[in-house]
Amino acid sequence: CIRDRADVAPQIDSLAESDPTTQPRESDVESTVAAAPNAPLSMRPDPGSGRADDNRLESTNSSSADSVAKDRGVAAGVDLPPSSSPGPHLVPQNGVSRSAERRRTQNELDASSELLVQQFPDMGWAVKSLGFSPDGRWLAAGKMDRKLLILDIDSGKTLSQVERLEDLSQVEQVQFSPDGKFVAAAGYSGAIVSWRVDAKGALSDPASRRRQTHAVRSLQFSPTAPFLITGDSKGELIWQSFRDETSNSRAQNVSKRAVVAVHLPAQGFEAVVTDGNHLVRVNLKTAAVTVGEPFRRGVAAAAAFSGDGSLLAICNGYRVEVWDTRDVSLLQTFEQDSESQWCVEFLPDQRRLVSGGRGKVTLWDIESDTSVHRFDVGRSYVQTIAVSRDGSMLAAIPSSAGQTLSVFRIPK
């Protein structure tokens, strides 16, 4: 069921004093800005239809694998989502000959093969989200067909598989807790579920269920406290315990647009979130919201904060922009041969980041403003990537159906 979204969530009295979901009560909350009123509940498209929210860019093109899957789905009476391939290939207008392009492509293929750690072929329906376990042994994969997988990177085997997650619909976000004992998934429907994970990668019954009003666009565990925070496609933020179903959640509207990235500090209770145009600081103890001045225009296809929150990377068409969140200044802009960039993640060293384009993931060096390496992943646009917590591995998969999930070693 969808709970009432009136103002901030109800009184919290079950979590520890250090948990920001516990204090204060609703009557104590005061916002430092005039918060946008909660949007009324409205009819939204069937989550199973696979339509993306208003900040997602989708394509009408489909791969051959998509067509086969769609035909099978129609025969079975299943409402199939459209392909997430963003469109036709854009030929670089850089004056480079075709033979030179072929030689460069072959060199990239050879280099990627040398760095390949593992592959999981034919993942079926598109993979929407990826997350490494803290020790880097496992990979969680959330899929468009309402499935969650726990994959063993060393053996290439599937350790756990949860099917028919009808409550979640498409699994838009997935992440392990910092201690690796829980995995959380959030869906297009707005539902949020967490499971306990045992030493063999098996998942227990769902440990908690919380729901946002709209599709979840961002999910982050606290690095030090037993709670997680999520942001949806209409600017609502929810923070809550992930250990059980008895603890209440707290909510606040922070934007009129999708919350595309969230950062939680190792100390303190101030979350930093962005809708791609503003930086918003939220005191998780009081629910006070401070919205900064707009620092850019346009839709953000994806965004990510660095580990300490001092940097913010935003995918903006062909470019990846790197912003300093302390003074909200543009530090760097990367562009890859007029190739749309669909996803981005920082490495833990905060000197490098990776972004997904058409069949390739590019490793960028922020200080030298250079492309360090190109990982060959396939032919479709890459909209789903993950970096291990020690920065040694990259997982990536193209967006269409029937693709191979690849895990690479990241060169130092």
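Me: What relative accessibility does Glu163 have, and how does Glu163 count?

Reply: Glu163 has 40% relative accessibility, so Glu163 counts as partly exposed. The cut-offs are simple: buried is under 20% relative accessible area, exposed is over 50%, and partly exposed lies in between (1.4 Å probe, protein chains only). Keep in mind that this is a predicted model, where local features need pLDDT of at least 70, side-chain atom pairs count only at pLDDT 80 or more, and totals for chains, interfaces and linings use all residues. Residues are numbered from 1 along each chain as its sequence is written, and side-chain values use heavy atoms, without hydrogens and water.

Me: Which residue forms a salt bridge with Glu163?

Reply: Start with the idea. Side chains of opposite charge can pair when their charged atoms come close. The rule here is a side-chain nitrogen of Lys or Arg within 4 Å of a carboxyl oxygen of Asp or Glu. Glu163 pairs with Lys147, and their closest N and O atoms are 3.9 Å apart. This pair links distant parts of the chain, 16 residues apart. Lys147 is in the loop between β3 and β4 (148–152), while Glu163 is in the loop between β5 and β6. Lys147 is partly exposed as well, with a relative accessible area of 23%.

Me: Which residues are linked with Lys147 and Glu163 in a network of salt bridges?

Reply: Lys143 and Asp145 join Lys147 and Glu163 in that network.

Me: How many salt bridges does the structure hold?

Reply: The structure holds 15. Take Arg351 and Asp365: their closest N and O atoms are 4.0 Å apart. This pair, too, links distant parts of the chain, 14 residues apart. Arg351 is in the loop between β22 (343–346) and β23 (352–356), and Asp365 is in strand β24 (residues 358–365). Arg351 is partly exposed at 35% relative accessibility. Asp365 is buried, with a relative accessible area of 13%.

Me: How far apart are N and O where Arg352 and Asp349 meet?

Reply: Their side chains meet in a salt bridge at 3.0 Å, N to O. Arg352 counts as buried at 11% relative accessibility, whereas Asp349 counts as partly exposed at 30%.

Me: What are these β labels?

Reply: They name strands. Helices (H or I, at least four residues) and strands (E, at least two) are DSSP runs, numbered from the N terminus.

Me: In which order do the strands of the open sheet stand?

Reply: The order is β2-β3-β4-β5, four strands with antiparallel pairing. Two strands pair if DSSP finds at least two bridges between them. The edge strands are β2 (127–132) and β5 (158–162), and each pairs on one side only. Look at β2 and β3 (residues 138–143): five bridges join these antiparallel strands. Leu130 stands opposite Ala141 in β3.

Me: Where are the residues with a positive phi?

Reply: Here are two of them. Asp122 has a positive phi of about 45° although Asp122 is not a glycine. Find Asp122 in the loop between β1 (116–120) and β2. Asp122 is exposed, with a relative accessible area of 55%. Ser169 is not a glycine either, and has a positive phi of about 65°. Ser169 is in the loop between β5 and β6 (171–176). At 1% relative accessibility, Ser169 is buried.

Me: How many aromatic pairs does a search of the whole structure find?

Reply: The search finds six. The rings of Phe221 and Phe242 have centres 4.8 Å apart and planes at 80°, so this pair is edge-to-face. Phe221 is in strand β10 (residues 216–221) and Phe242 is in the loop between β12 (236–241) and β13 (250–253), so the pair ties together parts 21 residues apart in sequence. Both are buried: Phe221 has a relative accessible area of 3%, and Phe242 has 5%. As for the rule, rings of Phe, Tyr and Trp (its six-membered ring) pair if their centres lie within 6.5 Å; planes under 30 degrees apart are stacked, over 60 edge-to-face, the rest tilted.

Me: What angle lies between the planes of Phe375 and Phe408?

Reply: The angle is 50°, and the centres are 5.2 Å apart, which makes a tilted pair. Phe375 is in strand β25 (residues 370–387) and Phe408 is in strand β27 (residues 405–409), so parts 33 residues apart in sequence are tied together. Phe375 is buried at 0% relative accessible area, and Phe408 is buried at 2%.

Me: Which residues form one aromatic cluster?

Reply: Phe182, Phe221 and Phe242 do.
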